[in-house]
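Me: I would like to go through this structure by asking what stands behind each term. Please set the values against the definitions.

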Amino acid sequence: MSSLQEKIDEAKKLSLQITKETEDDRLMTLSVGPQHPGSGHFRFTIKVDGDYIVFVDPDPGYVHRGHEKMCEYRNHFQNIPHLERPVIHDSCNITYAYSLAVEDLVGITVPRRGQFIRALASELSRLSYTLYWLAIYGIFLGHSTMFMWPAGDRELLIDLLERLSGARVTNAFNIPGGVRNDIPYNFKEKCLAQVNYFETRLKEYEDIFYNNPLLRQRTEGVGILTKEDAIKLGVTGSVLRASGVPFDVRKVEPYDVYDEIEFKVQYMKTCDSFARAYVPVLDMRESCHIIRQLLDKMPDSGDVREKLQFNIKSSPGETYKRVESGRGALGYHVVSDGTPRPYRVKASVGSFRNLLALPFLLTGSKLGDMPAIYWSLNYWPVEADR
Amino acid sequence: MASLTPDFRFGNFVASIVWVLFVVLALVTVLILPIIFFTLFYIPLPVVDGQVLTPYLFFSMMVDPSRTLPILQFFMHTTLFKAAVFPGFVFAALIAAVTIFVERKLLAKMQLRVGPLYAGKVEGIFQLLADGLKLLTKEIIVPSGADKPIFWLAPIMFVATAAAVVALIPVAPGWVVADVDVGLIAVFAILGFFPLIALLFSWASNSKYPFIGGLRALHQMIAFEIPFFLSALPVVLLSSSLNLTEIARSQYMIWNIFLLPINAFVFFISSLAELERIPFDLPEAESEIVAGWLTETTGMIYGLIQLGSYLKLYALAGLFVILFLGGWYGPQIFPPELIPGAHESNLPLLQMLALDGVYNAITVNSVFWFLIKTIFIIFLMLVIRGINPRIRIDILLHTGWYKLIVLTFINLFVVLMLIYGGIIGPEGVISIR
């Protein structure tokens, strides 16, 4: 495996050749997206030479909504509902990171029961996001059953989140100071039962999808992103863990109660598309394990929220807090000038980091590998555009 | 603009269709029937039961039931009836329609959902009708720069070619549209047209994704045509005939699948590839090349191609049954007469009910077993769609050119050895005849 620099040089050489041969009939330029069934809210143009992709040009920005600028005109509580919009399936993790940053600026600590509940909500949210991602991965590879099963099982977790917060996907549950409300009556038992059932379903996913020889043929050894390249490109989350780096923000910089929870950072060393598809499933299993521990260790009574003024003013300063989202490290850099509104909010999202690996991996691969590589990068177009 | 009006009622919609039907019927009565009668006046008419079948006689069967059966019997043995209705197009199209519905419901059950539910009140049985009506009413968009004659012609050619394959499949002894002596070769010859049509259509569409899809279709079908043909060759050696009826007859004692299991497997895989079904639906791979060579199809052009591909599905499943599953042979479960003693009695109504002269126990039994086996094979082809992802083109070509061809060659030599060793074959120890 050649080093990153060599590959970049090679790609540059190729692209030079391509500019020379633009008029050549040999190359065909294909537009993948934004109205292509295999792209999402995103477009990339590729040039194919026969069945091989020789040039990739990602073109994000179709769903840019200016969330960072919007933050400057609203106070910290008003920011919560619109910040979660980019990835509504993973809303609790996004608001988690922002809440941590605001709490750091204001200088409060969340009550212990509140910490447990919001960790619980964010784990449920992570599961629901990963299932949605997995469903799309299934249909991208032409496996219609793998589209329907996770999309159906996601309802279990959506139901739990609905009982918890009142909304199915746009929860706005984690807010600065804790969580919006306490867990409802009988929630623990229900949650435990559904999560236990969900773990049995994960085994069935392996039977029908991951152990399928046709899928293995198609994804194993495809789109290899070595450990060194992964670190140099700065990818994160499951993509990084699939390249053999056991990096998880919950383990490296434990926030709230995660230092009391026992879990393993799941990673694989095969570095290929199959590993990137399989690591999220291992993560989901760990999440189930974490949820059980959270339910077990949660204090039976106590406040869930540190009461804050609606227009809470923070001391001037800046902070950066990050959490492990479904797509990797997700951090919020919040700058405050002493007014109730943040002076500047900058999000560092896993999706955009993982996008950087896309041209690198697609160049030189086959056209048939395009969906298998593209969606294995755990890239959510809307989050990258924000 | 094609949009629903706010006061849209399904009843009114049906009423409008009924109104159109009424107008058509009125036109038929006033204009077309007289034209037919005048035309029939000048051409020689067939003789049924010693009487010339005039139009008047033909319509007299409505009031005289005893006339119905001979006329029916006469029509059942005309070539037109065979080609258009029974072993031919309508029969195959009905099976295709049932297949589409069953496929949707079956996949839905596999995927923990309900499938079509609303059209037709009962489990959505009219979903296909609704889809067909929708496709009929849709505008057909021809891409700018498309090669128009080929663009319009290719879907019709696709259906016609599929129907030509159906015409060669016998469903019961004597019940085949075209009883060709080299039936098996004819089937393969006609199947060879499909990649050409796909490539022509994709090229005529003047679009990039269809072009890639067409090239993929060509590669795929060439790679799988050879194992497809080679896997059918030992069957010919065993039955020493290329006629499909004879091949089915030769399996009277023992089905070929027990003698040639590897060939049956290779044939099944190759026919999946030939049908462009998952896991071999590369020419239509939606996440890579939008809809492959069907990207620019709209309205009834799409409908025709779908109809053609399901006709092809029935034809290849039927071919599998003829070659490996003993054709129409099975235990006799239908009685020799529908109502015992109806033939001797002089009651015309009883004879009508017993379908005297039309009903043939052996034929009905043959068709029944042929259908059961064909539906089982179609079911196997459908289930595979629910459990497999799509495979990549290089793996597909590798499978076709290396693995399947080697398998068929090995099996061919094994079969030759057994035949010359006098173990199987027409004069073997395990006698087939």
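Reply: Helices (H or I, at least four residues) and strands (E, at least two) are DSSP runs, numbered from the N terminus. On that basis, residues 141-305 of chain A are 57% helix and 2% strand, with end C-alpha atoms 44 Å apart. The model is predicted: local features need pLDDT of at least 70 and side-chain atom pairs pLDDT 80 or more, while totals for chains, interfaces and linings use all residues. Residues are numbered from 1 along each chain as its sequence is written, and chains are lettered from A and ligands numbered from 1 in the order in which they are written.

Me: What makes residues 141-305 and 311-386 of chain A a "domain: NADH-quinone oxidoreductase subunit D"?

Reply: That name comes from an unreviewed UniProt entry, and such annotations, given in the numbering used here with shortened feature names, may be inferred rather than shown by experiment. Residues 311-386 of chain A are 32% helix and 33% strand, with 25 Å between the end C-alpha atoms.

Me: Why is the crossing of α15(B) and α17(B) called right-handed?

Reply: A crossing is right-handed if the near helix is turned clockwise from the far one by less than a right angle, and left-handed if anticlockwise; α15(B) passes α17(B) in the right-handed way.

Me: How do you know which residues of chain A and chain B are in contact?

Reply: Two residues are in contact if their C-beta atoms, placed from the backbone, lie within 7 Å, and by this test 27 residues of chain A are in contact with 24 of chain B. Helix α6(A) gives the most to the side of chain A that touches chain B, with five residues.
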